[in-house]
Amino acid sequence: MNFLSVENLTKSFGDRIIFSDVTFGIDQGDKVAIVAKNGNGKTTMLRCLMNLEHYDSGRVVYRNDIRVAFMQQTETLDDSHTILEAVFSHDLPELQIVKKYNQALREGNEEAIHACYEELTELNAWDMEVKVNQILSVLKLDNTDLLVGSLSGGQKKRVALAQVLVAEADFLILDEPTNHLDLDMIEWLEEYLSKSKSTILMVTHDRYFLEVVCDTIYELEDQTIYKYKGNFSYYLEKKAERQEQLQSTIDKARNTFKKELDWIRRQPKARGTKQKARVDNFQDVKKVASQRIDDDEIDIPVKMERLGSKILELHKIGKSYGDKVILDNFSYNFQRKERLGIVGNNGTGKSTFLNLIQGREEVDRGKVVTGETVVFGYYSQELIQVDEDKKVIDVIRDIAEFIPLEKGRQLSAAQFLEKFLFPRHMHYNFVYKLSGGEKRRLKLMTVLMANPNFLILDEPTNDLDIFVMSVLEDYLRTFEGCLIVVSHDRYFMDKMVDHLFVFEGQGAIKDIIGNYTEFRKQTAADYKKEKLAAKDPEPVQEVKVTQIAASAPSEKRKLSFKEKHEFDQLEKDLESLEADKVKWTNVLSDGNSSNDDLMKAGAELAQIMEQIDAKTERWLELSEFA
């Protein structure tokens, strides 16, 4: 059953065509994503589909009897509404009665509660009440009396998402739904949308999200749209095949073009019909031959100052805001080629930590020691702060006309822009004409061109498209300095880091060896243990301790023959495990390791660490009597 039909849709801004004669359809139950480079018109396409943006020509037709809910990239909430009022701003009867019921509960109005109770039962809306409370809880919107105007940008984004999810729409259209969500929220939303019976059309740069949720990918490129019936992995495979075929066609056209160009130069002006047809065909061949496939590669051998022996040392640092503890007696020494990921819920102090280590904020106690050779490069979440009426190339030239490279070479500002996928025709565009993602890409350039040897990226994946992210990953894989990444992009974290700081709140920070996937596996295992412990208070363990205490000798001076053999074997095992630990740690630290190698190394290292802990504990027990 067709839910949306788009026919010959065309949209332009002045003389710039965004997309032309685009035709596609979405059927009931489809879960579709639109992918494209920043500035190619993804958000514009969604706004055209919702009739919020005028389009030049074509038709957009929805099935008559369906409910459509749209989450925009920039929220459009009423600041005077409370969170609850914003979330319930739908005409769905079930939602309205749930709203009344929640309001009656807060006011303690028994009569209203009883009336709402009967209506909820009559409308069979109890499931809706549970669903609403679950969504608000997961998105951490518990204080529903807060005014929207008092919320941060991230909180408003979560309110807009809740508003769409509770609408019980047949067709959900979502523009960047994972922005400003922490990792737990993203994983919950991923599962929620996977199980949802709603038809979904979304724009997102989260590659794991695309992999798990979507069954169809539409790519907006060259002013048209390409359909791939499969998830993100299938899309990458088939796109590569399409580009290979296109490259083959271009190569053939270029060979033909050379021959025809020679014929054209040798001929007088065409007089006959046969010659005229050949001239017309020459123009078609020339058009195909002049195409170029953008391989999205950044190869910038920037000259970087070498890091000294002292890089960055944190000595028992502490930081609090009133009763809220960010860091408590925290110490750590950064090493060369450190590749650290930072994760944790919003508000646990990740960005504050980045400011403290750079000296942007003062610690309450302790000391931060920065090496003399360290040059920080900091990419923050804020948009680039420049005059919007400046031209793109002038933003780069204001920093440097030329960028020094290895072996005494240099790169001009224009060449640098092209490396970062800003083609020549965009160099003299004004900054205000750039999309959000293009502005972020420009900001990233201003950070990297300063030749930092200690790079700090705070949410670099927000608003950068999947193509730029792939390019950034290639650049960072060969980066020789220290790297700290704060990101909610699980795919990016898995590729870039070899250990994590997990901010748990109130100053608690765990250092986990391995990438994000390994961290989630460990978290799931710990959670399973906690649930088992909660079900069984382990009375057997208490009896076991008593029995050992009763049966153990009051004093033991020597190991038994069996224990002596075990003790010797433990020393050999620990020596072997330590060697394995070094081996797999080197794989994680190696910038040339593939994603599969990194995943395997993380898994092996986690098992080795468990064995080392267990065997060390047993060795310590036996060493008392050795």
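**Residues, strands and helices**

Me: Is Gln163 buried or exposed?

Reply: The relative accessible area of Gln163 is 18%. Buried means under 20% relative accessible area, exposed means over 50%, and partly exposed lies in between (1.4 Å probe, protein chains only). At 18%, Gln163 therefore counts as buried.

Me: What kind of model is this?

Reply: Residues are numbered from 1 along each chain as its sequence is written, and side-chain values use heavy atoms, with hydrogens and water left out. Local features need pLDDT of at least 70, side-chain atom pairs count only at pLDDT 80 or more, and totals for chains, interfaces and linings use all residues, since the model is predicted.

Me: Which residues does Gln163 touch, not counting those up to four places away in sequence?

Reply: Gln163 sits in helix α6 (residues 153-165). Helices (H or I, at least four residues) and strands (E, at least two) are DSSP runs, numbered from the N terminus. Contact means heavy atoms within 4.5 Å. By that rule, and with those neighbours set aside, Gln163 touches Leu77, Ala86, Val87, Ser89 and His90.

Me: How much of the protein counts as buried?

Reply: The secondary structure comes to 20 helices and 20 strands. Of the 626 residues, the share that counts as buried is 45%.

Me: Is Glu190 buried or exposed?

Reply: Glu190 is found in helix α7 (residues 183-195). Leaving aside neighbours within four places in sequence, Glu190 is in contact with Tyr208, Phe209, Val212, Val213 and Arg490. The relative accessible area of Glu190 is 12%, so Glu190 is buried.

Me: How far apart in space are Arg365 and Lys319, C-alpha to C-alpha?

Reply: Arg365 belongs to strand β13 (residues 365-370) and is partly exposed, at 39% relative accessibility. In sequence, Arg365 and Lys319 are 46 residues apart. In space, C-alpha to C-alpha, the distance between Arg365 and Lys319 is 7.1 Å.

Me: Which strands stand at the edges of the open sheet of three strands?

Reply: Two strands pair if DSSP finds at least two bridges between them. The order in this open sheet is β2-β1-β4, with antiparallel pairing. Two of these strands have a single partner each, so one side of each is left without a neighbour in the sheet: β2 (16-27) and β4 (57-62).

Me: How many residues of strand β12 are buried?

Reply: Arg339, Gly341 and Val343 point one way from β12, and they are buried. Leu340, Ile342 and Gly344 point the other way and are buried too. For β12 (residues 339-344), the count of buried residues is six of six.

Me: Which residue in β19 stands opposite Gly341?

Reply: β12 is joined to strand β18 (residues 482-486) in parallel by four bridges, and there the bridge partner of Gly341 is Val485. β12 also pairs with strand β19 (residues 499-505) in the parallel sense, over five bridges. In β19, the residue opposite Gly341 is Leu500.

Me: Is α3 roughly parallel or roughly antiparallel to α4?

Reply: Axes are lines fitted to C-alpha atoms, for helices over the stretch in contact, and angles run from 0 to 180 degrees between N-to-C directions. α3 and helix α4 (residues 110-123) pack at about 155°, with their axes 9 Å apart. Angles under 35 degrees count as roughly parallel, over 145 as roughly antiparallel, 65 to 115 as roughly perpendicular and the rest as oblique. That makes α3, relative to α4, roughly antiparallel.

Me: At roughly what angle do the axes of helix α3 and helix α5 cross?

Reply: Glu94, Leu95, Val98, Tyr101 and Asn102 of α3 meet Trp126, Met128, Glu129, Val132 and Asn133 of α5. The axes of α3 (residues 93-107) and α5 (residues 126-138) come within 9 Å. Their crossing angle is roughly 70°.
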